[in-house]
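Me: I'd like to learn how to read this structure feature by feature. Could you walk me through it?

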Amino acid sequence: MNLHEYQAKEIFARYGIAVPQGSLATSPEQARAVAKSLGGERFVVKAQVHAGGRGKVGGVKLVTGVDAVEDAAKGMIGQRLVTKQTGAEGLPINSVWVERPSNIARELYVSALVDRTEEKIVFMASAEGGMDIEEVAEHSPEKIKSIHVHPAAGLQPFQARQLGFFMGLDKDQVAQFTQALLGVYRIVNELDASQVEINPLIVTAEGQIMALDAKLNFDANALYRQKAIAEMRDPSQEDEREREASKYDLNYVTLEGTIGCMVNGAGLAMATMDIVKLHGGQPANFLDVGGGTTAEKVTEAFKLITKSEDVKAIFINIFGGIVRCDLIAEGIIQACRQTGLKLPVVARLQGTNMEKGREMLESSGLKITPVSDLTEAAKTVVALANG
Ligand code: ADP
Ligand code: MG
């Protein structure tokens, strides 16, 4: 689960990481009032969406005077912001964060995340902040330094100092940087953050270390014990179908293809997407309906898949181990009738009661093609999707 920059900055401040002074506004008038109360001549107005890359597309504006703050907010609130990280539809801007501008001397990059291979928290830092860190990682990986934290020892100040000196900070700045990094580590541990990214972390002309941007991501499996974090969730920033799916305990991810996939088990779901691609098709989604699925879940899954106008055919690939194939068939038929489905469906049911399931599909009178061989099923659905 992601937070907005303003929420992340509030958390940063609580954990001893310096951030610019600012406040949230949900209307242009409020933005003006915020600027007035901050005082001074110049302000930064920042669109609050769950995505980075805002600076390059007008989502971060440095302006002079409270009138300009109001204008900038007017141009943002109610619009959708499309950045490199959002996809073509963009995300709705419902609020702006108005803050004091900083006197930037240097823009650095720092992040902490879970390294699953090493089973440790890894900190990464680079003197090349403010820009695309993915590009730095690709073209000049030597400009990024990583350190792993031993889970029993925790982040050691000497490790933070190593990163600080690597980025060319002086002694006083390294001391501030170390404090900030220890705060980041506490956020990871105490709040179950799975990713903390500060890009840019700046050195001001006065030599102060400060977080100008803030990205926080939380482990959804830990939200049951992080009530305060869970309450900060903003559903308007989430994919509508993924949000709907989570209500029914379905693991769903929107993709860009034309073949809707409904599978049980994450491994089989991935294999299904692979084989669809192998035969020239593009999956429209990843969907794992779970091991002990029910007819109701199958119906909800169908509704989700068919919400997208890009979907031209549906591929159902179910292994009946815990769940019986006839129950799945019943769910499919019920879902097709309920949703008035017009799309062609290829169904591969294997396992317990597969014959019965197959018979039910065949005699349903619906546009469902039962296929038992996986390769044949994939080829059939690709052909149907291509019209
Ligand atoms: P994004 O990563 O979404 O583009 P950032 O918050 O990183 O948004 O802002 C983009 C750039 O705008 C920063 O790299 C920095 O140069 C500038 N900027 C952001 N906030 C401030 C601020 N308070 N004072 C001065 N410059 C800022
Ligand atoms: Mg940024």
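Me: Let's begin with helix packing. What is the handedness of the crossing where α2 passes α3?

Reply: It's a predicted model, so keep that in mind throughout. For a helix pair, look at the handedness, then the angle and the axis separation. Here α2 passes α3 in a right-handed crossing. Helix α2 spans residues 28-38 and helix α3 residues 66-76, and they pack at an angle of about 145° with their axes 8 Å apart.

Me: Which residues of α2 and α3 make the contact?

Reply: From α2 you get Pro28, Glu29, Ala31, Arg32, Ala35 and Lys36. The α3 side supplies Val66, Asp67, Val69, Glu70, Ala73 and Lys74.

Me: Now the metal. Which residues are the protein donors of the magnesium ion, ligand 2?

Reply: For a metal site, list the donor atoms, then ask where they sit in the chain. The donors to the magnesium ion are Asn199, through O, and Asp213, through OD, lying 2.2 Å from it. The pair links distant parts of the chain, 14 residues apart: Asn199 belongs to strand β10 (residues 193-204), while Asp213 is in the loop between β11 (209-211) and β12 (215-218).

Me: Are Asn199 and Asp213 buried or exposed?

Reply: Both Asn199 and Asp213 are buried. Remember that water is not among the atoms, so a site like this may look incomplete.

Me: On to cysteines. How many disulfides does the count come to?

Reply: A disulfide is a covalent bond between the sulfur atoms of two cysteines. So the thing to check is the sulfur-sulfur distance, with a cut-off of 2.5 Å. By that rule the count here comes to zero.

Me: How do I judge whether a whole helix is enclosed? Why is α1 called largely enclosed by the rest of the structure?

Reply: Go through the helix residue by residue and count the buried ones. Helix α1 (residues 5-14) is largely enclosed because seven of its 10 residues are buried. They are Glu5, Tyr6, Gln7, Ala8, Lys9, Ile11 and Phe12. After α1 comes Gly16, with a positive phi near 75°.

Me: And single residues? What does Thr272 touch, not counting residues up to four places away in sequence?

Reply: Thr272 lies in helix α9 (residues 266-278) and is buried, with a relative accessible area of 0%. Thr272 touches Val263, Phe315 and Asn317. Pro283 is 11 residues from Thr272 along the chain, and their C-alpha atoms are separated by 9.0 Å.

Me: Where does Thr178 lie?

Reply: Thr178 is in helix α6 (residues 171-191). Thr178 is buried, with a relative accessible area of 7%. Beyond its neighbours within four places in sequence, Thr178 is in contact with Pro157, Ala160 and Arg161.

Me: Finally, how many helices and strands does the chain have?

Reply: The secondary structure comes to 13 helices and 18 strands. Of the chain's 387 residues, 50% count as buried. Among contacts between residues at least 6 apart in sequence, 68% join residues at least 24 apart.

Note on methods: Residues are numbered from 1 along each chain as its sequence is written. Chains are lettered from A and ligands numbered from 1 in the order in which they are written. This is a predicted model: local features need pLDDT of at least 70, side-chain atom pairs count only at pLDDT 80 or more; totals for chains, interfaces and linings use all residues. Side-chain values use heavy atoms; hydrogens and water are left out. Donors are N, O and S atoms within 2.8 Å of the metal (3.2 Å for Na, K and Ca); water is not among the atoms, so sites may look incomplete. Helices (H or I, at least four residues) and strands (E, at least two) are DSSP runs, numbered from the N terminus. Buried means under 20% relative accessible area, exposed over 50%, partly exposed in between (1.4 Å probe, protein chains only). Contact means heavy atoms within 4.5 Å. Axes are lines fitted to C-alpha atoms, for helices over the stretch in contact, and angles run from 0 to 180 degrees between N-to-C directions. A crossing is left-handed if the near helix is turned anticlockwise from the far one by less than a right angle, and right-handed if clockwise.
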